[in-house]
Amino acid sequence: MNSKILLVLHSHIPYVKRQGRWPFGEVWLFEAMAETYIPLIQAWIHLKDAGINNVLSFSFSPTLLEQLSSTYIHKEFIAYLQEREALALEDERYYMSRGEKDIARIAAFYRRYYRDIRRDFIVDFNKDIVRAIKRAQDEGGVEVIATAATHAYLPLLDTEGLKNQVLWGKRVYEHYFDREPRGFWLPECGYFHGIEDILIDNGFKYFYVDSHAIEGGKPIEVYSEGGEETEVEIPTFARTGLSTYRPYRIKDKEITVYGRNSMVSHQVWSADYGYPGDPDYREFHKHDPRSGLKYWKVTDRRIFDGKQIYNPDQAILRAKQHAVHFVKSLEENSQKARKLGFSTPSIVGCYDTELFGHWWWEGVSWLEEVIKEIDLSKELELALPYEVGPAKHEAQVFESSWGMGGKHYVWDNAETTWMWEIINKAGKEYETLKIFADGSDIHRMAVCQALKELMLIQSSDWLFMVSNNLTRDYAMKRFFEHYTKLLRISNCLRNNKIDEEFVKWLDQIQYEDDFFNQVSSGGLI
Amino acid sequence: MKGHIAFCPHFHQPHFQLHKTREEAYTNSYLPWLKLLQDAVNLDSFYINLHFSGPFLYWIRDEKKEYLDMFNRLMASGKVGIIGGLADEPFIQLSSRVDDYLYQLKKYDQLLQETIGIKASDWQGIHLVERECGESVLKEITRAASLIQAPAIYYLDVETFYQEHFCYPGSDNDYCRKHFGFNDPVSITTISHIPAEMLFYALRDEIGGQAFHVMPVHSQFRYQLLKRQSFTSADTVKIKPTHYYFYIKDALEKAYQMVKSYGRDIEPLLFIFEDAEKFGQWSKDPEGDREWLMEFFNLVDKDPDISFTGLRSYLSSQGYLDSYPVASSRSYIEWENWTAKRGIRGVTYGDERLRRVICRLRDVEKLQEHLEKSILGSYRQKLGIELPTPLDGIVQRSLLESAERYDFISHVLRQYHDPQLTEDYELLNRVRNLLYQEDPKWASRHPVYGSSPYYDVLGLAYMEMVIKILRSRLETANVSNSDLKPVTIRDWDYDGENEVLLENEEQTLVLDSEGGCISYHHVLASSIAGDYSAMREIITRDLGVVKAYNSVFRYSYPLVFTETDSSISYQFYEEGGRRERCRNSLRCEVFIERNNELFSLGDFDMGNYTINEPIGDALNQRVKMSYSQDINIMDNMPLKIDLEKEFWLTQGALQVSIKARCHGGEKFNLVLAPQLVTSATPSDEVEFRPRAGLGLISAQDEDQSECYIQRLSRSSDDDKLKFYNHKTIVKRPQRIDYIYQIRSGDGNCFNNCLSFSLNSNNRLPYLYVEPAVKHYYKNYVFPEQSQLGYHSSGLMIRPFLHFQNGEAACNIDISWKLDTAFEENNYEQFIWLVNGNDSGLNLDK
C-alpha cells in the first residue's frame, strides 16, 4: 500500500466587503481570487481532465464563502481585473518607451493574465467560484470541510461564542455545499480540551492539529520561530511517543484528529529553508510605484534593494525542480515511517490556500507539479481523510495552535489583552439582547445584526494584525466599528429607541455587514 | 457597444495536389463544412465570407461536381459571401509582368461565375495570397480590380500596419546609437500612430493613386479558433467556444472605447481568417470541431450586440475609420525562412531550387515578349499604320507595360492571326501563370510522400513543352535573338557567375560553372520530341480547363532539379547563417586512398570551372569545362590535377566525358568519383507507397565491385518509412537503370527509366548508392522534415575509379525512357530502393 498524502488547504479572507478598497480591504479578497482561488481551481480541473489523481481537502471560511457569493463582489472583482489589465497595459507602454523591454514583457504577461482570469471568472465559473468548488466536491476528488463562522480563535472564546462560531460555520457550509460537513478546520489549528465536544455535538467526524499537539516536542513552524527580538517563550511539549503518520481517536470520544507533518510544512513555510524564498521566484514585497505590479524576483531575500528583473520562465522551471525535490522528500519521509513500523503511513500537509499564488506567485504551478509527481510515484498517493480508514489508536492532544510558540501567543499577548476584554464584554452584551428577538421585525433584525457584529469582533484577523503590527490601524478601526455598532444596537434596544433614525442606520449597517443573510432568514438566533 | 465579426475561412488545395491529400481533406473538412453551414445559415445573425482558391475551385469543378451543387443551394440562403482572388493562388510578386494581375483576376472571375454564379462586382473583397504584399502588389491589384469592377477590399495581418508607438533610447530607431554608438537622450518619441486597440476597423489607404480598403487580421483570433488540442506536452491551452467569444467581445469593446475617446462613434470589426482545413482535417475530428464552431455561432447569435458581417457590407454600413498606411507585409514572421528568405521576390538569394524555377520563368517571359513584339509589329503592318519614330517605340512600350497587355495581344491574335497561334499564345500564358502558384514556393512540401519538389516539377513538365512550342513559333516567325540560340553562356540564375544553357528538341540542360555540374536537366519523351501538335494536345487536354490530375510525366520530366543539401552548405557563421547549395549532377571528387580510407583532395566538386568555347548549332550542342588545382599532399610533395568535363546532347541521350590527369602524383592511390545524380523520384499520390529500384547490367569483364547502398526505405503498416543500409558485391556494372514508378491521381500507373552507362578503363572497386540529398535545412526545420530519401530527393550513384598511370577517365551516357515497360527479371541484379520486394536482401538498419 502506498503512503497516503493528505493535502489540506485552508482558505480565509477577513470580511472586507464594503469595508474599504485599497490599500486595505477588498483588494485582499480580489488578490486572493485572482492569484489563488481561480488559478488553483483551474489547475485542479486541468489535472482532473488529464486523468491525474488530484484529491485535495479544502476549507473555506464562511466569511469568505459569503463574500465570494456576493453579486457586489462579482461586479467589483471584474472592475478590479479590468483596472489591473489597464495598469499592466500602461506599464507595458511606459517601459517600452523607456527601452526597458524586460519589464514591458512582464507587464504584457500581467495584461494577459488578468484578462484570462476575468475570462475564467466570467465564462468558466459564471462568476460563482463557490459553485465551482461545490461541483468539484460533488464530482469527487475534493472534500470541503467547515470552519468557524468568522474565523475566530476558538481556544480563548467564551462557550456561547464558541458554539455560535461552530454552529454557524456548519450552517453556512450546508447552505453552500448542500451536505453535512465531515471535517472541521480549527482556525489557526487552535485546539483546547473540550472543543471536540462541541464538534461532536455538531456532527463533525474529524479535525486537524499541528504536529506538536500530537507528538509533543518543540514546535518548529515558521510562526513558531521566536527570535531574540521576540519575547515569547517557546515551550517544549512533552514527548508523547505518538506520531502524525497515523490519525488518532481523541481519548474516549468519537472524533478523529489528524496531525500535520512537520517536515512537509517546514519545507514550504520555513522562512529560511522554504521554497518561496528562492532567488528566482517573484518578489512579493516590491511593487512598481506606478501600477503596483511586481516585476522583480526575490534575488536575495535578506535585502530589499538591488532586486533583479523577474524571469517567469526561469521561475516556473524552478517550481518544477522544487516540486520534484518535495515529492522526493515525501518519499524519503514515507520510507522512514515504514521503517518505524507504519505500514501505510499518512502524511498530512496543511497550508493556507493563499500561500499558493498570492504570497508565493509560482505556488500554484508548484502544487500542480507536486500532484503530477505524486501521481507518478510508486511510493505515494494522494488521499482524503475518509480513505485513510478509521483511527485505531487513541490520543490525548495538547492545547496548541500553529502560531508562534505553538500555543496562543500570537492572538493573546500584551498587545491584544484589551481586545479580549472587549470580545468577552461584547459576547455578554449580545446574550442580554436575545430577549428582544421576539419583538417586532425591526427588533429581530437588530438582534440578528448584533450577532453579526459580534462574530465580526471575534474574528482572529484583527488580533493577528494588531499582534504583528500589520495594518494595525485598519484592524483596530474595524474592531471598534463592529463593537460600536453592537453597542448602539444594544443601547437602542434597551432604551427602546427604535425610531426612524435607528431604522435608517440599521438599514445602513445591514448593507455594510450583510453576510449570513440566508442564515438570518432561516432563524439566526 | 455594437460589434461585428467577419468570419473568413480560406479553402485551398494547390494545383497538382496529391490525390490522397485532397480526398482526406474533402472527407474530413470540406464536406463537414457544408453540413455545418447548412445549420449555421438558420441562425439570424449568421454570415460567412468564404474564399475558395482558384486551384481549389478547378479541382472541385473537375472532380466534385456534387459539392458545387450542394454549395450553390446553400448560397440561396443569402448568408454566404464570396471573397474573390487570383486564379492560381500565385505569389504574383514573382512575376515580371503587371498584366498578370488582371489576367489572374479575370480568370478567377470567369471561374467563379461558371461554378458559383458570382460576378466580380458582387465579391465581398479580394484575398491576397498569404496576405503577403508590398506596395506594388496592392497598387497593381487595385488597378486591375477596378477594370473588372471588383471591390478593392483586402484583409492583411495586423503586423502589416505600423504599430510601434514608441521609439526610445537604444532602440533600432535611435540614430545616435546607430551612427555614433551612444544613446540619444531625447529620442523618446510618441509617434502619432493609431493605437493597436483601434486596428479593429476598416482603414483606407492609397498607393500611386490607387485607393483601397484594408481590414486588419489579428492572428490570435486565428490561432485561438478551434484550439481544442495541445501542440506539445507543455501546451495545456485549450480554448472553448465561450472563451473565444469572450476574447472577441473583449477586443471589440476595447476597440470601441478607444475609438470613442478618439471622438468617433463607429462599430468595430473583428476579422477571423483561417485555413478551412483547420476544421476537421487538422484535428481529424470533424464532429468535435463542428460542435465547437456551432456553439460559437450560437453564442454570437444570442448576443444582440454582436453580429457576423460581410466585408463589403461592413464597409457600406460603417465606413472606414481613417486613412492609415500599410507597410510591406510580414504575415508570417515566424515562418520567414519559408517566405522572404527563401526568395519570395523570385530570383533572389535564398532557395536555390526555387531560383531555378523562376529563372526558367524569366526565360519564358523573354520569349513571350519576343513573340508579342513580333505580333505588335505585324499588327501595325496589317493596320497600315506608320508611326513616326519616337511614337512607334512609345506605343509599343506603353502596350507592353499595360495592365491589359495580355488582353490586347490576345485580341489582336484573334482578329488577325491564325487560330493556332492564338491558342499557342493563350496556352503559353496559362502555363506560365500556373508556375507562380504559392505552395511549392514555401511550405507545402511533402518529403514523406515522394513529392518534395512535386508541384514545381509538374509545372516545369508543362512549361518545357510550352518553351519548345514557343521557340518553334519564333523560329517560324524569323525572330532572331540570342535567347533562341541552342547554346548560350550567360548568368542564367543571376548569381553573378556564368552558366551554360544547351537546348535541343528533347532536352534543356543548364551547366553551372561552380562545380562544373548540371544544375538543371529536363527531357521530353522521344515520342513527342519535335512533335508540337502532340505537345499542344497534352497541354490543352490537361490545362485547357485545368484538370485535377494528369500523367504528364509520361512525356516530360525534369531529371535534374535537385534539392539543396545541408552537407554541402556554406557556413558563414559558426552559430548559423549558411547558404545551402543544391546537390546537382556530375560534380566530381578526387580522393587519395590511404590505409583503406579515402581522403578528399582539392575543391573539384565546388571549384569554379572554366567554360571553354562551346559549339552550338541546330545539330550539335557541346561544351567543355575544366578545372585545375595544385595540391600539396604532404610537405614538399606538390602535385597538380587537371579535370576536364565535356557535355554534349545527342538524340535520346546526354553524353558526358570526364578526364582527370595527375601530374607528379603517379605513386599515390588516387580515386576519381563522379556523382551521377537525378532528382527523379517515384510518386504514389493515391496510396503514398512509392516504388523505385536499380537494375544492374554488368560489363563483359569479370571485375567485381563492392556496392554500398544507403537508406533503402520501406513503408511500415502505419505508413511511416523505415530506413536500412545494404552492402553487396556486384559484377562491375556497365549500365545502371533507375526505375521509378509514377502512380497519378487520374488512375494511371507507369514506370520511367533513367539509364546511366559507364565506360571506363579504370578499375572500379566501389560503388556508392545513396539518396541524392539526405538532409536539407538541417537544424533549421523539424528533423522529420529535414530528412530526405530516394522517394523525396532522388538518387546519387558514385562510382569510385582508380587512377592508372596518373589518369582516370570515363564516358557516361545518360538516357531515359518515359512510360516504359519494366521487368525485374530482365536484370542480372535488381535492388529495390523504395518499397520493393526484399527477398535475398540482408537489410541493416
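User: Why is Asn596(B) called exposed?

Analyst: Asn596(B) has 5 C-beta neighbours inside 10 Å, and therefore counts as exposed, because a residue is exposed if 12 or fewer other C-beta atoms lie within 10 Å of its own, buried if 20 or more do, and partly exposed in between, with C-beta atoms placed from the backbone. Asn596(B) lies in the loop between β20 (588-594) and β21 (597-601) of chain B, and its phi is near 60°, a positive value in a residue other than glycine. This is a predicted model, in which local features need pLDDT of at least 70 and side-chain atom pairs count only at pLDDT 80 or more, while totals for chains, interfaces and linings use all residues. Residues are numbered from 1 along each chain as its sequence is written, and chains are lettered from A and ligands numbered from 1 in the order in which they are written.

User: What makes Asn496(A) count as exposed?

Analyst: Asn496(A) has 11 C-beta neighbours inside 10 Å, so it counts as exposed. The residue is found in the loop between α16 (472-494) and α17 (500-512) of chain A, where its phi, near 50°, is positive although the residue is not glycine.

User: Why is α9(A) called roughly antiparallel to α10(A)?

Analyst: The axes of α9 (residues 262-269) and α10 (residues 312-339) of chain A come within 10 Å and cross at roughly 160°. That angle makes α9(A) roughly antiparallel to α10(A), because angles over 145 degrees count as roughly antiparallel, those under 35 as roughly parallel, 65 to 115 as roughly perpendicular and the rest as oblique. The contact is made by Met263(A), Val264(A) and Gln267(A) of α9(A) with Phe326(A), Ser329(A), Leu330(A) and Asn333(A) of α10(A), where contact requires C-beta atoms, placed from the backbone, within 7 Å.

User: How do you know that strand β5 of chain B is mostly covered?

Analyst: Five of the five residues of β5(B) (residues 153-157) are buried, and both faces are covered, with Ile153(B), Tyr155(B) and Asp157(B) on one side and Tyr154(B) and Leu156(B) on the other.

User: What makes β5(B) and β9(B) a pair?

Analyst: β5(B) and β9(B) (residues 210-217) are joined in the parallel sense over five bridges, whereas two strands pair if DSSP finds at least two bridges between them. Within this pairing, Met215(B) of β9(B) is the bridge partner of Tyr155(B).

Technical notes:
Helix = DSSP H or I, 4+ residues; strand = E, 2+ residues; numbered from the N terminus. Axes fitted to C-alpha atoms, helices over the stretch in contact; angles between N-to-C directions. Contact = placed C-beta atoms within 7 Å.
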